[in-house]
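Here is a quick tour of one model, written for someone who likes to know the cut-offs. Have the viewer open while you read.

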Amino acid sequence: MTLQADSAGAAPSPDSANGIVPNLEETPQPQSPPSPQTSLPTPPPELCLPIWWPEDGNLSMDWVENLMLCFDWSSRNLPPSELPSILPVKVFDSLILIASKMLHKEPNCVTIDPFRPSPNDNSPSAASVVVVGDVHGQLHDLLFLLKDAGFPSGDRIFVFNGDYVDRGAWGLETFLMLLAWKVFMPHNIYLLRGNHESKYCTSVYGFEKEVMVKYGDKGKHVYRKCLGCFEGLPLASIIAGCVYTAHGGLFRSVTVMPSKRFKGKKNRKINVNHDSKTLSLGSLEELSKARRSVLDPPWEGPNLIPGDVLWSDPSKNPGLAPNKERGIGLLWGPDCTEEFLKKYQLKLIIRSHEGPDAREKRDGLDGMDEGYTIDHTVDSGKLVTVFSAPDYPQFQATEKRYNNKGSYVVLEPPNFDNPIFHGFSAVTPRPKVNAYYDYEEVIDSDEELDLASMVTS
């Protein structure tokens with residue numbers, strides 16, 4: 001492998017001793033001969049670089065693990081603009097094409113059945129299910145999480161609740177690594193969409209610029225392909241018939257009626273009433289019919305549902321109300337949680353969407369210090385929030401940090417309705433890297449959004 005020196009940026013220092021094993025920083029590095037130009041570190045011999053797409057198009061465990069190790073090593077040792085020497089554009093194209101096709105074929109709300117026949121005697125056995133919240137481009141923390149929870153396998157299913165990119169420095173590697181797992185084990189990993197998997201958020205919180213820096217003149221192509229893949233991400237899941245997961249949470253009914261009766265269908269006006277007094281909880285049937293390919297507002301008619309699913313938040317106050325803090329989505333109370341659980345005979349709702357910066361501004365709800373909160377406890381079950389990005393956000397304008405833990409949820413058979421929370425601290429120190437957005441000027445959380453600028457043609 002030949003790596004060219006990049007005069008535009010220095011390589012991050014490989015000073016972290018934590019992360020995925022084997023620890024590549026401790027691998028002896030071959031010494032390069034003196035050069036008049038700045039030379040880049042030589043990768044350890046166990047890495048297969050650059051990464052190539054298999055001739056038969058079938059990914060293997062070795063291929064996925066090599067991808068993970070290559071991303072880990074390159075993030076610690078190379079300038080971001082060297083990523084194409086690790087993952088060439090042609091390999092990116094192959095991966096995102098097959099992953100996008102898989103994701104677009106999945107329904108808005110995927111049904112996840114952990115009960116599977118045993119390969120030996122056909123007797124049913126049950127896999128455990130791991131639910132992961134926001135990861136926000138924190139690659140090394142995600143690598144730790146996968147090692148800590150155990151990789152996806154026949155007896156371990158993963159459900160990711162969105163927000164793979166933005167704010168952290170390795171959103172592209174994070175997203176592509178999860179797509180590789182999806183292609184390799186499509187029925188053992190499910191990737192749901194978060195509100196940051198959108199054109200607006202990625203243009204504000206760094207992902208678009210990150211892609212442009214890493215892939216240079218091919219950056220627009222790579223970014224456009226990522227947006228197309230975002231469109232295919234499902235909105236929600238039902239696990240074992242008793243657990244609902246989604247990034248933001250619940251949603252309104254969008255049953256529409258003609259505002260007036262006309263003899264012909266032409267010019268018939270359809271209205272959806274947004275008055276909070278007439279808001280009612282939406283149904284899974286309505287969710288199944290929503291058009292999820294709409295990445296940004298305006299969300300109108302049935303397309304209000306994706307906006308709610310991705311942006312809404314729980315409240316301690318009863319009822320449904322517009323989410324005025326965010327300017328989009330809803331606030332829903334414990335009575336709505338009970339109504340939804342009871343109607344569909346569910347026991348648990350797992351959502352994400354709120355990190356420590358968002359939660360410190362929310363009266364009546366617990367903070368995100370431990371990476372999770374139990375927000376509603378009702379007769380039929382519980383509503384919990386899980387956030388999987390520790391020490392978040394990666395870049396902060398103040399010396400004081402939240403130092404929150406990240407967490408993931410494990411659901412065990414046979415009932416799957418008792419969430420077991422696994423907390424973990426951030427991998428430290430993080431490799432040194434510059435932010436891809438102006439974190440000193442940008443708002444601290446996804447509040448007070450400029451909705452006018454979110455409208456895309």
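Cys 70 sits in helix 1, which spans residues 61-77. Helices here are DSSP runs of H or I with at least four residues, strands are runs of E with at least two, and both are numbered from the N terminus. This is a predicted model, so local features need pLDDT of at least 70 and side-chain atom pairs count only at pLDDT 80 or more, while totals for chains, interfaces and linings use all residues. Residues are numbered from 1 along each chain as its sequence is written, and side-chain values use heavy atoms, with hydrogens and water left out.

Is Cys 70 buried or exposed? Its relative accessibility is 0%, so Cys 70 counts as buried (under 20% relative accessible area; exposed is over 50%, partly exposed in between, with a 1.4 Å probe and protein chains only). Setting aside neighbours within four places in sequence, Cys 70 is in contact with Leu 47, Cys 48, Leu 49, Ile 51 and Ile 86, where contact means heavy atoms within 4.5 Å. Cys 48 lies 22 residues away in sequence, and the C-alpha to C-alpha distance to Cys 70 is 7.9 Å.

| Strand 13 | 330-332 |

Strand 12 and strand 13 pair in the antiparallel sense over three bridges, and Pro 322 stands opposite Leu 330 in strand 13.

Zooming out, the protein has 13 helices and 18 strands. Of its 457 residues, 56% are buried. Among contacts with a separation of 6 or more, 73% join residues 24 or more positions apart.

Grid points are joined across faces, edges and corners, and a volume is the space filled by probe spheres set on the points. The largest cavity has a volume of about 110 Å³. It has 14 lining residues (an atom within 4 Å of a point), and the closest to its centre are Ser 74, Ser 75, Leu 78, Pro 80 and Glu 173.

How values were computed
Pairing = 2+ DSSP bridges. 1 Å grid on protein atoms, 1.4 Å probe; cavity = no way out; pocket = protein on both sides within 12 Å on 5 of 7 lines; lining within 4 Å.
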